[in-house]
Every structure is written in C-alpha cells, then in structure tokens.
Amino acid sequence: MTSDPSAQDVRQKKPKTARARSWQTGRDTFKLMAQHKCAADPISYAVWYTFVDGKNKAVTAAIDRLIADARGISAADLRQIHDLHIAENRQAEEQLEGISQAIQTEVAGAKSLVSDVISNTNNYVSSMDRAKGLIPKASSPEDIMEALDELMEETQSSQESAQNIQFALQSTHDEMTQLSSKVGELRDTLKRDPLTALVNQPKFEALLAENSTEALANGYSLTVMVVCIKNLQDLSLTAGIDISEFVLKSLSGFLTKIVADDGVCARLAGPELAIMLPKSAYAEASKIAKAIIEELDHFKIVKKPSDELIGYIRCAFGGSSLQSGLSPRDLIEIAADQASQAKYSHKSIVKFDLTNHQAA
C-alpha cells in the first residue's frame, strides 16, 4: 500500500464508462506527474498511467516503493520501471514470437528436405531395379552399353538431386544456428538493465547464489558492495534538468572499468548499483571503492557549451561478506542498509564501512 494518500485516491475513482475511465486515468496521471515533478514525456506518462490504472502490480509496487522512500522520483527511476515492467516484456514477447515462427518455418523446410531425400533414394533404388532387369535381357554389347548409359544417367541425376538437398540442408542449418544465437542474445538482453547495460537484480542474485555456494564449499571469501549516489537530486537541480540517467550511465561505466574481470556489477532499484567480488575479502573491496572514489573526484559534470561546473558524483558505499545462512538477498540488503546510512550521514566524504561483518 502506498504511503501517498493522493496516489491512493486517484486509483480509487471508478467512472462508469470505459471512455470516461480512460479520460479520468489520463487526468489523474498528469496530476501525479506534476505533483512528483516528472517530465511530461512518453515514458514518464506510460509509467504513471500504468500506475494509476493499477493493473500492472509490478509497476504499482515499484512506484509505491519510490514514493515511500521520499527521495524523489527521477527520470532514471521511471525509465527502469518502464524497461523492466512495460516496454521490455512486450518487446521480448514480440521478438521471441517472431523467432519462434521463423524456427518453425525452418523446421518445416527441413522436414520437407528430408522427405525429398527419401523420395530421391526411392527413385534411385527403382532405377537400379529397372537397370538390373534390362542387363540380363541384353543380347548384344550395344544393348548392355545402352542399359549402362541409362543407369549412369539415373545415377548422375540422383547425385545432382542429393547435392542440391545437401546445400539446402546446410543453408537451413546455418539459419537455425543464427536463430539460436538470436535467442541467446535476447535472453542475455533480458538479464541486463537497458540504461546501464549492467546485469539486473534477478540475474545478479542468481550469480551471487552460484558464487556463494562455491565459496562456502571451498572456503573462499566473497564480498558484496552497494553503491548509491548521495547527491543525485542536487546535481539535477544545479543542472536545471533531470540528469539522473547521465549520472547513472557515467557511474556504471566507472564501475565496469575498475572492477573489470574481478567481479560483477549490477543495477538495483533506482540509483543503486551493486558489485560482487568473488574470492575477495574486505581489503580488496576497499581498494575497489577507493579507486572508484578517485575516478569520480576527477570527473567533472559541466554544462555545454559554457563548461560551467555542475558538480561531481558523490557516492556512499556499503558492504557485506559471505556468511553461512545468509541468502543473496540478505547480503544485498545488509550492504544496501550500510550504503543508506552512509548516504544520509552528514559526512562529506564517502563512507566505506565493513567492520560489522566477518569474512567467510
């Protein structure tokens, strides 16, 4: 249930006709967009309209969480909700349906080619039987040569047909391979955040579960960090426009560069990113955090073309380490809680505190 009474009210109104309901939903949508200071763009409208409509429970829950958090709703938040729960699902269904139909067409074509092979083989066997019947009846060398010529013609024709079928089967195989590759790419896309290209939270939790099992079995350390942006709203206010998407994309680029092959980076809800560091204890995690801080200290956000300074990205870090009995979600929540405490502290420096937890 949302903590925002006005959002609650707009979803309780039920005009009688479908047309009246759609107009009322539209009016309530714009009312909430204005109330939460969201841009009147198609993505923002689609998310808020879906929220007011109330039929998409995932969108309702996501918006309710953001409202309850009382930190404001950014363009990046709305795009993430749109990509995860509105646009992405529909596009994925359409693409998978198209690939499915193409595969069915290729399979039908392959079946037809197999039928051609069987038919061609039967024809060849029949021609051999005819030739076998002709040769004993031949009364002269000329008759024998004529029977052999007929056999050779049948054999050559059968060979050409077989080659054509082989070529068509290879073409079908290549097409099926390409379609399978597209399915794999689509599945990978569905596991990534469209804005940052980092893995999304469900995929991150799955990878965390796999690595946790291996780490516990072999006595490895494993650290999870959550990174949240402390001054996202301030940067947008200084810039005069919502630059949350630019900030998140920039930060994700630094994380990807610094973590590299040593771990996995992910986007969680809103302006939170996560890092999993397999086989890494706090010392390594602290180095990663400090490297990110140093990169951000040199990354100026400026207005173009004046180059007027808007500011720097300031982040808060939280961390947790693997312990028996903690689920992937537990590890993320512990790290997120620490990051949240650091974010709302009055310290001007980034806080990276992992001292409350013992490494496995």
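Trainee: Is Asp 307 buried, exposed or partly exposed?

Mentor: First, the basis: this is a predicted model, in which local features need pLDDT of at least 70, side-chain atom pairs count only at pLDDT 80 or more, and totals for chains, interfaces and linings use all residues. Residues are numbered from 1 along each chain as its sequence is written, and side-chain values use heavy atoms, with hydrogens and water left out. Buried means under 20% relative accessible area, exposed over 50%, and partly exposed in between (1.4 Å probe, protein chains only). With a relative accessible area of 47%, Asp 307 is partly exposed.

Trainee: With which residue does Asp 307 form a salt bridge?

Mentor: A salt bridge is a side-chain nitrogen of Lys or Arg within 4 Å of a carboxyl oxygen of Asp or Glu. The partner of Asp 307 is Lys 304, with the closest N and O atoms 2.9 Å apart. Lys 304 is exposed, at 66%.

Trainee: How many salt bridges does this rule give?

Mentor: The count is 6. One of them joins Arg 267 to Asp 193, at 3.3 Å between the closest N and O atoms. Arg 267 lies in strand E2 (264–267) and Asp 193 in the loop between helices H6 (141–190) and H7 (201–218), so the pair ties together parts 74 residues apart in sequence. Helices (H or I, at least four residues) and strands (E, at least two) are DSSP runs, numbered from the N terminus. Both Arg 267 and Asp 193 are buried.
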